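Please open the model in your viewer and follow the selections below in order.

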Amino acid sequence: MLRIGHRGAAGHPPENTLLSIQKAITLGVDIVEVDVRRTRDGELVLLHDQRVNRTTNGSGRIGDLSFEEARRLDAGSGQAIPSLREALELVRGSQLMVELKEPGIVPEVMNLIEDCHSNQAVILASFYHPALIEVRRLQSTARTLALIDCAPMNLDFAKNAEVTHVGVSIGSVTEEFVSNVHRANYQVFVYTVNDERDIRRLSEISVDGIISDYPERISAHSTVR
């Protein structure tokens, strides 16, 4: 199984910061996962929520703040909200999963990835499946992951978006679903998995990757596929 650090390694340094990304790399993850939104003046930054309230000492919507204003906020442990460019540069040589947290940012994200020469090292993920269709239209070879809350009866959503990966929540993944995904030639990642008992169970049903705040916990139970 691939070890995927959630928002860097969010169980350690503050999530979606350069410190958290560096921690994930130090822990030897296969992929670092981050969330991306856009500031008022168009800068792509790492942030999960629409508002900065939970993860910084500021308040308000990130879309209402300029990049300069966002940078003045403390994201924890003295860390600033990083730009996506900084994240791409930090993980150079490793793989990055970029979750598109809002519609309308696909062209900018893809242009930045290309500018950083990171096309082959990035998986683009989203709950907004039309965004993944747009990714596929712009780049036929892109790796994309459709995020879903629950395991559906069929995989039409994945076929329609022409994705390469499927991401499903730990609360609904089943062995039957994993088998169906594999038969359809997609890889399946499971989020967000922190309990070692869950990690052990997922290993037994042969998921392809686990997304965790504590990616070091995966190592003890994973087998290379």
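Buried means under 20% relative accessible area, exposed over 50% and partly exposed in between, with a 1.4 Å probe and protein chains only. Helices (H or I, at least four residues) and strands (E, at least two) are DSSP runs numbered from the N terminus. This is a predicted model, in which local features need pLDDT of at least 70, side-chain atom pairs count only at pLDDT 80 or more, and totals for chains, interfaces and linings use all residues. Residues are numbered from 1 along each chain as its sequence is written, and side-chain values use heavy atoms, leaving out hydrogens and water.

Begin with strand 5, residues 122-126, where 5 of 5 residues are buried. V122, L124 and S126 point one way, while I123 and A125 point the other way.

T144 is the bridge partner of L124.

Finally, turn to helix 4, residues 106-115, through which the chain crosses from strand 4 to strand 5. Its buried residues are V106, V109, M110, L112 and I113. These lie on the same side of helix 4 because they cover an arc of only 160° around the axis, taken from the directions from the helix axis to the C-beta atoms. The face turned away from the buried side carries the exposed residues N111 and E114. Just after helix 4, H117 takes a positive phi of about 55°.

Methods: A crossover is right-handed if, with the strands pointing away from the viewer, the path from the first strand over the helix to the second runs clockwise. Two strands pair if DSSP finds at least two bridges between them.
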